[in-house]
Amino acid sequence: MAHERIEVDLPLAKVYEYLSDPLYFPHLLERIDKVNKVNSQTFEFATQIGGEEFQWTTNIIDNLRNTRFAWITINGNLNQTGTIRFTPLDNGERTRVDFSLDYRTFYGEPDEDLAAFIQALPAQLKKDLDRFKTEAENNKFKEKADTTLAEIEAEEEEAEEEDEVTV
């Protein structure tokens with residue numbers, strides 16, 4: 001389990017907008033490769049760890065606007081849970097973000113690569129949030145996240161076209 005706190009020099013509504021959209025998570029969280037939206041509450045995640053693909057589906061369990069955003073895994077081969085809490089500072093001009101993130105296996109002990117991935121989580125989350133703060137305060141986060149999302153979508157379309165050709 002990792003817990004990090006960061007203060008961002010942006011209004012709470014803007015920070016909430018960025019951090020409560022799982023489609024931005026591949027840009028926000030360096031170790032997430034892809035997120036697909038199934039419906040308004042359900043998202044499919046994917047990443048590679050030690051050459052093995054991990055996929056899991058999450059449900060949003062708490063989305064209290066400008067206050068808290070949380071999700072849990074409902075199936076897959078990796079269990080991820082997360083909670084983001086938002087606190088206004090300086091009359092709403094700045095925002096404190098408390099981000100808790102956890103990865104676990106559904107059963108048994110993780111293999112060496114997955115254990116290393118989980119053990120590195122606190123340092124990685126700190127790095128990810130520091131990058132978020134810099135990009136958000138410089139008005140670059142959404143632009144870069146949208147670019148990441150467009151790249152993922154283009155890769156998926158290319159893979160679908162290749163599948164159609166081989167069939």
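Biologist: Which residues line the largest cavity, and how is such a space found?

Modeller: Rolling a probe the size of a water molecule over the atoms shows where empty space is left. On a 1 Å grid over the protein atoms alone, a cavity is a set of points where a 1.4 Å probe fits but cannot get out, and lining residues have an atom within 4 Å of a point. In this predicted model, the largest cavity is lined by L29, R31, I32, L101, Y103, L121, Q124, L125 and D128. The model being predicted, local features need pLDDT of at least 70 and side-chain atom pairs count only at pLDDT 80 or more, whereas totals for chains, interfaces and linings use all residues. Residues are numbered from 1 along each chain as its sequence is written, and side-chain values use heavy atoms, with hydrogens and water left out.

Biologist: Which elements give two or more residues to that lining, and how much space lies inside?

Modeller: Helices (H or I, at least four residues) and strands (E, at least two) are DSSP runs numbered from the N terminus. Here β7 (94-104) and α4 (121-137) are the elements that give two or more residues to the lining of the largest cavity, and α4 gives the most, with four. A volume is the space filled by probe spheres set on the grid points, which are joined across faces, edges and corners, and for the largest cavity this is about 50 Å³.

Biologist: How does a pocket compare in definition, and what lines the largest pocket?

Modeller: A pocket is an open set of points with protein on both sides within 12 Å along at least five of seven lines. The largest pocket has a volume of about 180 Å³, and its lining includes E52, F54, N77, F106, Y107 and D111.

Biologist: Is E135 buried or exposed, and which side chain does it join through a polar contact?

Modeller: Buried means under 20% relative accessible area, exposed over 50%, and partly exposed in between (1.4 Å probe, protein chains only). E135, found in helix α4, is buried because its relative accessible area is 8%. A polar contact is a pair of N or O atoms within 3.5 Å; within protein, one must be able to donate a hydrogen and the other to accept it, and residues adjacent in sequence count only if both atoms are side-chain atoms. The side chains of E135 and H27 are joined by such a contact of 2.5 Å.

Biologist: Where does N39 lie?

Modeller: N39 lies in the loop between β2 (34-37) and β3 (42-49), and N39 counts as partly exposed because its relative accessibility is 38%. A polar atom of the N39 side chain lies 2.8 Å from the backbone nitrogen of Q41.
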